[in-house]
Amino acid sequence: MKASYFASMSYAERHNFPAGWPVPPSYFDPEVSLRSYQDGMAECELAEALGFDWLSFSEHHYSGNRTTPNPAVMAAAVAERCRRVRIALLGQLLPLNNPIRAAEEIGMLDNLTGGRLVAAFMRGTPSEDLVYDLNPAEGRERLIEAMDLAIKALTELQPFSWEGRYYQYRTVSLWPQPVQRPLPPLMVATRSEDTVRYAAAKRLGLGVSYDPPDSMAAVVAQYREWCATAGWQPSSEQIVYRGGICLAETDAGAETLKQRVEAAGGGRGTFIGQSLAGAVQAARTGGVPPAQTTAPPLTPAQRGGGVRMLNFVGSPDTVARQLRAYHDQCGVGVVDLAFQQPGLTHQDVMAELELFGRAVLPQIRDF
């Protein structure tokens with residue numbers, strides 16, 4: 001199993017944020033922000049030095065919990081400091097973006113990194129639908145058309161036009177093309193049936209976030225079945241899992257870290273209101289908002305990101321066993337770990353990284 005460090009570049013004082021999303025810019029302090037980015041870059045450099053295989057970057061908006069609204073910019077900055085590790089763009093929120101521009105960023109990054117890029121497409125949480133006034137009912141179809149268009153732009157060697165339902169271009173002629181041919185490793189970050197099927201049909205990898213092993217195993221089993229129908233089987237590196245981690249020398253020490261995260265209010269700056277989240281989710285699925293049904297309340301993730309779930313908590317041996325469950329039950333070949341948690345300092349994260357590199361990474365290499 002390979003390890004990836006999720007470089008969220010979190011604002012250091014996010015424990016002061018209000019609970020709701022979006023976070024008002026009045027909470028922004030330039031000195032804290034500059035320090036937060038520098039701390040995040042130092043963590044990336046340490047992760048590379050310790051033997052992590054990937055550094056990952058994701059697109060999120062309007063909250064300092066993850067200060068990477070343009071993950072390609074962040075990835076390019078880190079790639080100049082970290083010259084060995086793979087740079088994983090996990091990922092671009094295609095329904096919010098011009099898919100040609102997204103493809104151009106992938107092409108540039110693959111060149112700038114010397115062919116070290118990994119990329120993923122995703123739709124994002126319900127709160128992301130509110131960023132640029134996207135119609136939530138169109139998001140899924142926009143994502144699929146945008147993926148088709150971006151992939152064609154990255155592989156087509158002659159100029160072409162595009163007349164789709166949501167995107168129309170008279171001329172597309174992408175420069176620079178990726179260094180990795182025909183494509184850098186691409187995946188879809190999803191657990192939705194239609195996009196899991198899309199990933200299988202297009203021979204793309206699969207990324208799943210924050211699910212327990214049994215839930216992810218069901219998604220992966222269906223994905224593998226559809227891959228077989230399409231005439232191929234994914235490698236282990238094409239099945240990626242992202243989860244949160246609290247690691248210490250002992251299980252008791254890790255529980256103390258977890259309590260600090262919980263006391264800091266891990267969901268601050270991420271929640272959208274229950275009624276608004278319900279309306280967005282209903283528009284996404286074509287259903288009725290939960291307030292008008294007997295359905296249970298939406299989960300934190302459905303409400304817009306929610307608390308960064310802590311999937312791995314414990315000593316090195318405990319965390320290694322937890323990671324093995326994802327390998328054995330789900331076939332995960334790359335685990336993308338969110339060490340930056342509310343309530344933990346930069347020094348805490350650096351200590352966790354060092355412990356992971358020394359005592360966990362050697363164990364998971366054998367999975």
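I looked up the partners of strand β1 (residues 2-6) and found four bridges joining β1 to strand β11 (residues 334-338), the two running parallel. Strands here are DSSP E runs of at least two residues, helices are H or I runs of at least four, and both are numbered from the N terminus. Two strands pair if DSSP finds at least two bridges between them. Lys 2 has Val 334 as its bridge partner in β11.

I note that this is a predicted model, where local features need pLDDT of at least 70, side-chain atom pairs count only at pLDDT 80 or more, and totals for chains, interfaces and linings use all residues. Residues are numbered from 1 along each chain as its sequence is written, and side-chain values use heavy atoms, with hydrogens and water left out.

I then checked the parallel pairing of β1 with strand β2 (residues 54-57), which has three bridges. Phe 6 is bridged to Ser 56 in β2. Between β1 and β2 the chain passes through helix α1 (residues 30-50), a right-handed β-α-β crossover (with the strands pointing away from the viewer, the path from the first strand over the helix to the second runs clockwise).

I asked how covered β1 is: four of its five residues are buried (under 20% relative accessible area, 1.4 Å probe, protein chains only).

Last, I turned to α1 and helix α2 (residues 71-81), and listed the residues in contact (heavy atoms within 4.5 Å). Those of α1 include Tyr 37 and Met 41, and those of α2 include Met 74 and Arg 81.

Terms used:
Buried means under 20% relative accessible area, exposed over 50%, partly exposed in between (1.4 Å probe, protein chains only).
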